Amino acid sequence: MSTTTRNRNRTQGDVDSSFMDRAFDLAERGRGATSPNPVVGAVIVKNGEIVGVGYHERFGGPHAEVNALAQAGPRASGATLYVTLEPCSISGKTPPCTDAIVAAGIARTVVPVEDPNPRVSGRGLSILREAGVQVDLGLRQEEARALNAPYFKYRNTGLPFTTLKLALSLDGRIAPPPGGPRWTSSAASRELVHTMRANADCVMVGIGTVLADDPRLTDRRTASGGEVAGARQPARLVLDTHLRIPADSAIVTGAREVRTIVACCDSADPSRRAVLEGAGVAVWRSAARDGTLDLPSILRQAADEGFISLLSEGGAAVASSLLELGLVDRVAFFVAPRLYGAGGTPAFGTLGESWWGGQMGFENGRWTDIGGDGLFEADVITSDSEPSEERS
């Protein structure tokens with residue numbers, strides 16, 4: 001290969017990467033609104049100029065490619081389409097994007113990664129190639145997978161992508177001794193948690209957290225402290241084996257405004273279940289394992305309901321169980337400069353040898369200062385070396 005050819009290829013790669021950056025940014029605008037579909041961004045370029053952009057704005061709405069094509073109009077003919085995931089080739093809530101791409105006369109499509117949906121995977125790219133569209137696959141593949149980590153997790157395992165969020169003191173306590181401060185973390189940390197809720201499909205807690213704190217678990221990022229007008233709120237899931245949740249709790253009384261689920265064991269009091277259902281709460285019954293709820297089954301049901309991104313906000317029993325069962329994909333620990341001592345509530349119960357022995361742990365960790373707290377974020381390494389069962 002000549003030097004001129006190498007330079008031309010390198011330059012084209014830089015150009016492609018730059019336009020894919022824009023597509024990634026666009027995709028993020030749909031975060032929290034498209035599940036169980038992925039977030040997708042699309043950019044159409046002709047003669048070096050962007051002539052159309054779009055993103056998947058909400059579940060059931062037009063896909064990113066269709067929105068970009070609508071903006072480009074006739075200028076899409078002969079252009080290059082940059083899209084963050086393989087275009088769909090099946091009819092669902094909307095017609096196949098591949099049909100629209102071919103009809104518009106797109107000459108080249110740059111795609112980082114195939115769609116993991118077995119009904120789509122590879123098929124959309126094949127349709128485009130057969131129609132004479134040049135397809136370049138693989139640019140920024142790992143970033144594209146990370147962009148849609150919840151979608152890939154669901155499609156490959158049937159489980160939601162689960163983030164475990166905890167607010168801790170320096171000595172590992174999630175609540176102070178009696179009479180201690182109301183909040184462990186800073187105001188800036190709590191504001192960020194509201195953003196995390198907005199980006200999740202579902203927020204999950206154990207009954208202990210409800211009884212201790214009576215939380216609302218909603219996104220309330222306004223100066224007045226009220227819910228954002230018209231904002232999409234995540235669903236709320238309470239793990240409550242014996243249905244101890246009070247009927248006058250904030251979660252139950254707000255169940256008609258925000259989708260609310262309580263998961264209990266099969267033997268839970270039917271009269272308590274009727275009260276909750278009468279208040280608008282969905283009650284999921286689950287088989288119990290050793291007196292506790294079957295968490296893998298509940299998380300699988302949550303994913304099948306469309307909750308492919310789940311934020312667990314504790315408490316200690318839930319956090320420990322999720323970690324022990326290998327159900328956590330990412331952690332977000334807000335560590336505040338406080339000491340609570342033995343009177344505080346420990347963040348975790350007993351963790352098995354897989355954790356303290358090193359088979360399970362963290363990677364890609366980073367620390368960020370958030371209003372004086374240290375936010376530790378990391379991916380979780382599990383000890384499960386067996387390949388996950390792919391969904392059909």
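In helix 6 (residues 149-157), Ala 149, Pro 150, Tyr 151, Phe 152, Lys 153, Tyr 154, Arg 155 and Thr 157 are buried. Buried means under 20% relative accessible area; exposed means over 50%, and partly exposed lies in between (1.4 Å probe, protein chains only). Helices (H or I, at least four residues) and strands (E, at least two) are DSSP runs, numbered from the N terminus.

This is a predicted model, in which local features need pLDDT of at least 70 and side-chain atom pairs count only at pLDDT 80 or more, while totals for chains, interfaces and linings use all residues. Residues are numbered from 1 along each chain as its sequence is written, and side-chain values use heavy atoms, with hydrogens and water left out.

## Helix 6

Eight of the nine residues of helix 6 are buried, so the rest of the structure largely encloses this helix. What do the buried residues of helix 6 pack against? They pack against helix 5 (141-147), strand 6, helix 11 (295-304) and strand 14. Contact here means heavy atoms within 4.5 Å. Just after helix 6 comes Gly 158, with a positive phi of about 80 degrees.

## Two helix pairs

Helix 3 takes part in both pairs described here. Axes are lines fitted to C-alpha atoms, for helices over the stretch in contact, and angles run from 0 to 180 degrees between N-to-C directions. Angles under 35 degrees count as roughly parallel, over 145 as roughly antiparallel, 65 to 115 as roughly perpendicular and the rest as oblique. A crossing is left-handed if the near helix is turned anticlockwise from the far one by less than a right angle, and right-handed if clockwise.

Take helix 2 (residues 64-72) and helix 3. They pack at an angle of about 25 degrees, and their axes are 9 Å apart. That makes helix 2 roughly parallel to helix 3. The crossing of helix 2 and helix 3 is left-handed. Glu 65, Val 66 and Leu 69 of helix 2 meet Cys 97, Ala 100, Ile 101 and Ala 104 of helix 3. By class, this contact has six nonpolar, no polar and one charged residues. Ala, Val, Leu, Ile, Met, Phe, Trp, Tyr, Cys and Pro count as nonpolar; Asp, Glu, Lys and Arg count as charged; the others, Gly among them, count as polar.

Now take helix 3 (residues 97-104) and helix 4 (residues 123-130). Their axes come within 10 Å and cross at roughly 20 degrees. Helix 3 and helix 4 are therefore roughly parallel to each other. Their crossing is right-handed. Thr 98, Ile 101 and Val 102 of helix 3 make the contact with Gly 124, Ile 127 and Leu 128 of helix 4. This contact has four nonpolar, two polar and no charged residues.

## Salt bridges

Side chains of opposite charge can pair when their charged atoms come close. How many salt bridges does the structure hold? It holds eleven. A salt bridge is a side-chain nitrogen of Lys or Arg within 4 Å of a carboxyl oxygen of Asp or Glu.

| Salt bridge | N to O distance |
|---|---|
| Arg 31 and Glu 28 | 2.9 Å |
| Glu 143 and Arg 140 | 2.6 Å |
| Lys 165 and Glu 313 | 3.5 Å |

Arg 31 is partly exposed at 23% relative accessibility, and Glu 28 is partly exposed at 39%. Glu 143 is partly exposed at 41%, whereas Arg 140 is buried at 17%.

The side chains of Lys 165 and Glu 313 also meet in a salt bridge. This pair links distant parts of the chain, 148 residues apart. Lys 165 lies in strand 6 (residues 161-168), and Glu 313 lies in the loop between strand 14 (309-312) and helix 12 (316-324). Lys 165 is buried at 12%, and Glu 313 is buried at 11%. Elsewhere, salt bridges that share partners join Asp 16, Arg 108 and Asp 136 into one network.

## Backbone features

Most residues other than glycine have a negative phi, and most peptide bonds are trans. A cis peptide bond joins Ser 35 and Pro 36, with omega about 5 degrees. Pro 36 sits in the loop between helix 1 (3-28) and strand 1 (41-46).

Asn 47 has a positive phi, near 55 degrees. Asn 47 lies in the loop between strand 1 and strand 2 (49-55). With a relative accessible area of 79%, Asn 47 is exposed.

Asp 214 has a positive phi too, near 50 degrees. Asp 214 belongs to the loop between helix 8 (207-213) and strand 9 (235-239). Asp 214 is partly exposed, with a relative accessible area of 39%.
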